[in-house]
Amino acid sequence: MSGKTAAIKKKQQTYVPQVSLWKRMSRSGSLYLLMLPSLVIMFMFTYIPMYGVVIAFKDFTPAEGIMGSAWAGIKYFKQYFNSYQFWTTIKNTLIISIYSIIVTFPLPIALALMCNQMAARRFKKFFQVSTYLPHFISTVVMCGMIILFLSPSHGIIAKLLSYIGITLPNLMGQASAFSSIYVWTEAWQHVGWDSILYIAALSAVDPSLYEAATMDGASKWQKLVNIDIPMLLPTATIMFILRTGSIMSVGFEKVYLLQNTLNSSASEIISTYVYKMGLVSNQYSLSAAIGFFNNIINLALLLSVNFISKKMSDTSLI
């Protein structure tokens with residue numbers, strides 16, 4: 001009897017009652033209700049517009065509408081692949097995007113590590129605020145500042161260099177300088193803001209780890225290498241996966257506002273070409289096909305990098 005009693009007790013202890021999905025959701029009904037407006041907005045402005053992607057496969061005309069337009073298959077994809085701008089836009093987009101990742105991905109991490117080592121609280125706050133502020137400058141104002149500062153005749157940089165006998169070349173008219181101008185001004189504007197996420201991750205580090213390291217005689221550099229950097233790696237990995245997933249999507253506004261006839265050979269990227277084909281030339285099907293192709297490449301890169309990261313470090317988006 002004792003054996004049967006023990007078996008019954010063990011069965012009672014391991015039994016977990018099954019709760020329906022509706023009951024589990026009803027327990028957190030207020031939270032789901034709070035999330036509902038966001039879900040509705042996301043569905044309306046993200047999923048419903050995806051229906052318009054079909055015009056990439058049609059000879060779309062506004063008069064006939066999406067369903068009334070004749071089916072064209074992959075005609076416009078072939079047109080883009082065979083156009084003289086195909087390799088130019090792909091190359092320029094990749095150059096600017098990869099250059100941006102190389103520069104603007106590690107800098108926020110370095111800035112966060114540097115802020116974490118600052119002992120003076122007042123100076124630390126001043127330093128953080130001063131690096132955040134450029135992020136709030138609008139793209140239009142930022143591009144106007146870049147053009148004014150780099151002007152070879154009236155720019156402040158040209159004036160300062162003239163005092164030491166150096167003539168500033170017309171950098172905005174040099175195609176070879178465009179990617180550097182774009183990337184380094186992007187770094188100045190957004191590195192401080194991007195570092196907030198890493199600073200938040202460092203603030204979650206258990207202080208007892210630093211205390212134990214100090215008792216063991218670890219230097220600041222050893223604490224940084226053995227505590228701070230390992231704590232940042234999961235966050236940095238996720239951010240790198242997201243950045244890689246948008247490698248073919250360089251910001252349209254800034255490139256378009258800095259673009260001119262002299263640097264167009266280096267500044268014509270996929271997003272500006274889509275704008276010119278779609279809204280300027282009214283070739284809606286062609287611009288939709290280019291955008292669809294661009295998004296497919298981004299999705300493939302995102303899934304590939306996420307898969308590799310999951311296999312190598314067990315850190316991934318899903």
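Which residues in H8 meet which residues in H11? The points below take up this contact and several other features.

1. Basis. This is a predicted model, in which local features need pLDDT of at least 70 and side-chain atom pairs count only at pLDDT 80 or more, while totals for chains, interfaces and linings use all residues. Residues are numbered from 1 along each chain as its sequence is written, and side-chain values use heavy atoms, with hydrogens and water left out.

2. H8 and H11. In H8, Gln128, Thr131 and Tyr132 meet Gly192, Trp193, Ser195, Ile196 and Ile199 of H11, contact being heavy atoms within 4.5 Å. Helices here are DSSP runs (H or I, at least four residues), numbered from the N terminus. By class the contact has 4 nonpolar, 4 polar and no charged residues. Nonpolar covers Ala, Val, Leu, Ile, Met, Phe, Trp, Tyr, Cys and Pro; charged covers Asp, Glu, Lys and Arg; the others, Gly among them, are polar.

3. Geometry of that pair. Helix H8 (residues 121–132) packs on H11 at an angle of about 130°, with the axes 7 Å apart. H8 is therefore oblique to H11. Axes are lines fitted to C-alpha atoms, for helices over the stretch in contact, and angles run from 0 to 180 degrees between N-to-C directions. Under 35 degrees counts as roughly parallel, over 145 as roughly antiparallel, 65 to 115 as roughly perpendicular, and the rest as oblique.

4. H9 and H11. Helix H9 (residues 139–149) and helix H11 (residues 175–203) pack at about 125°, with axes 12 Å apart, and are therefore oblique to each other. Met142, Met145 and Ile146 of H9 meet Ile181, Thr185, Trp188 and Gln189 of H11. The residues of this contact divide into 5 nonpolar, 2 polar and no charged.

5. Cysteines. A search of the whole structure finds 0 disulfides, a disulfide being a pair of cysteine sulfur atoms within 2.5 Å. Cys115 is buried at 2% relative accessible area, and Cys143 is buried at 2%. Buried means under 20% relative accessible area, exposed over 50%, and partly exposed in between (1.4 Å probe, protein chains only).

6. Asn282. This residue is found in the loop between helix H16 (270–280) and helix H17 (284–313). Phi of Asn282 is near 60°, a positive value in a residue other than glycine. Most residues other than glycine have a negative phi. Asn282 is partly exposed, at 48% relative accessible area.

7. Tyr163. The loop between helix H10 (156–162) and H11 holds Tyr163, which is exposed at 70% relative accessibility. The C-alpha atoms of Tyr163 and Thr89 are separated by 40 Å, the two residues being 74 residues apart along the chain.

Terms used:
Helices (H or I, at least four residues) and strands (E, at least two) are DSSP runs, numbered from the N terminus.
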